[in-house]
Amino acid sequence: MQKFHIGQRIVKTSIAVFLCMVVDTALSLNPFYSVITAVLCMQKDMETSKTFSLNRIIGTLGGGFLGLITILIRDYCNIPEHSVIIDYIFYSIAIIPLILWTVKQQHKGASFISTVVYFAIVLVHSGQENPLVYVLQRVVETIVGILLSLAVNDCPLFEKLRSFKNKHTDKDSISM
């Protein structure tokens, strides 16, 4: 019978998520975006994590910037709240240059993140708070998740544990 164990990536993800919640709470931020980011950025190896994190940063900045511009235009044009379809048409058209920008920047992997961030901003922003503050908070929360995920993933302690485990591993266990 095969034994299952909790692999290092699972442990690292759990630690990064915990740290995101603690740091965001200490900074009076909502941990939602940093936790999601930490989970997404914790990849199988450090190189893949760095690539994904770079795409996440580019996508977050692009989507955040366009989201801010969209909110400002929407507010400036004073579109009535009952004209939701006008908003939806505008939002749908706005992602075209956003996706093209990520592709032109040679970061196709940032395309989906940029659109997710864009929609998280334009569809969730309540209009109650300052749009610049709202966007900056989303960007900071995401950067917290990226940095903590990379820090945990690159922690030398895990490499020492892997070396120790490889010397003392039961051949029947399955690693994740």
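Predicted model: local features only at pLDDT ≥ 70, side-chain atom pairs only at ≥ 80, totals over all residues.
The protein contains seven helices and two strands. Along the sequence these elements follow the pattern β-α-α-α-α-α-α-α-β, with a strand at either end of the series and the helices between them. Of the 176 residues, 39% count as buried. The protein exposes about 10,800 Å², and carbon and sulfur atoms supply 68% of that area. Among contacts with a separation of 6 or more, 73% are accounted for by residues 24 or more positions apart.

Two packed helices are described by the angle between their axes and the distance between the axes. For helix α2 (residues 32-41) and helix α3 (residues 46-77), the axes come within 9 Å and cross at roughly 145°. On the α2 side, the contact is made by Tyr33, Thr37, Leu40 and Cys41. On the α3 side, Ser49, Phe52, Ser53 and Arg56 take part. Grouped by class, the contact of α2 with α3 has four nonpolar, three polar and one charged residues.

Helix α6 spans residues 131-153. The structure holds one salt bridge, which is formed by Arg138 and Glu141. The closest N and O atoms of this pair are 2.9 Å apart. Because Arg138 and Glu141 are three residues apart in helix α6, they are separated by about one helical turn. Arg138 has a relative accessible area of 10% and is therefore buried, the cut-off for this class being under 20%. Glu141 also falls under that cut-off, since its relative accessibility is 1%.

Gln137 lies in helix α6. With a relative accessible area of 25%, Gln137 is partly exposed, a class that lies between the 20% and 50% limits. Gln137 and Tyr33 are 104 residues apart in sequence, but their C-alpha atoms are 9.7 Å apart in space. Tyr33 is also one of the α2 residues in the contact with α3. When neighbours within four places in sequence are left aside, Gln137 is in contact with Leu29 and Glu129. Ile143 is likewise found in helix α6. At 26% relative accessibility, Ile143 counts as partly exposed. Ile143 and Ser34 are separated by 109 residues in sequence and by 7.2 Å in space, C-alpha to C-alpha.

A nonpolar patch is present on the surface. It is formed by Val84, Ile85, Ile86, Tyr88, Ile89, Ile93, Ile96, Leu100, Leu123 and Val124, which together have about 960 Å² of accessible area. Helix α4 (84-104) and helix α5 (111-124) each supply at least two residues of the patch. The largest share, eight residues, comes from α4. One of the patch residues, Ile93, is found in helix α4. Ile93 has a relative accessible area of 51% and is therefore exposed, the cut-off for this class being over 50%.

Notes: Residues numbered from 1 in each chain as written. Heavy atoms only, no water. Patch = residues over 30% accessible without salt bridge, like charges linked within 9 Å, V, L, I, M, F, W, Y side chains within 5 Å. Areas by Shrake-Rupley, 256 points an atom, 1.4 Å probe, with all protein chains shown as cover. Salt bridge = Lys/Arg side-chain N within 4 Å of Asp/Glu carboxyl O. Helix = DSSP H or I, 4+ residues; strand = E, 2+ residues; numbered from the N terminus. Buried < 20%, exposed > 50% of the residue type's maximum accessible area, 1.4 Å probe, protein only. Contact = heavy atoms within 4.5 Å. Axes fitted to C-alpha atoms, helices over the stretch in contact; angles between N-to-C directions. Nonpolar A, V, L, I, M, F, W, Y, C, P; charged D, E, K, R; others polar.
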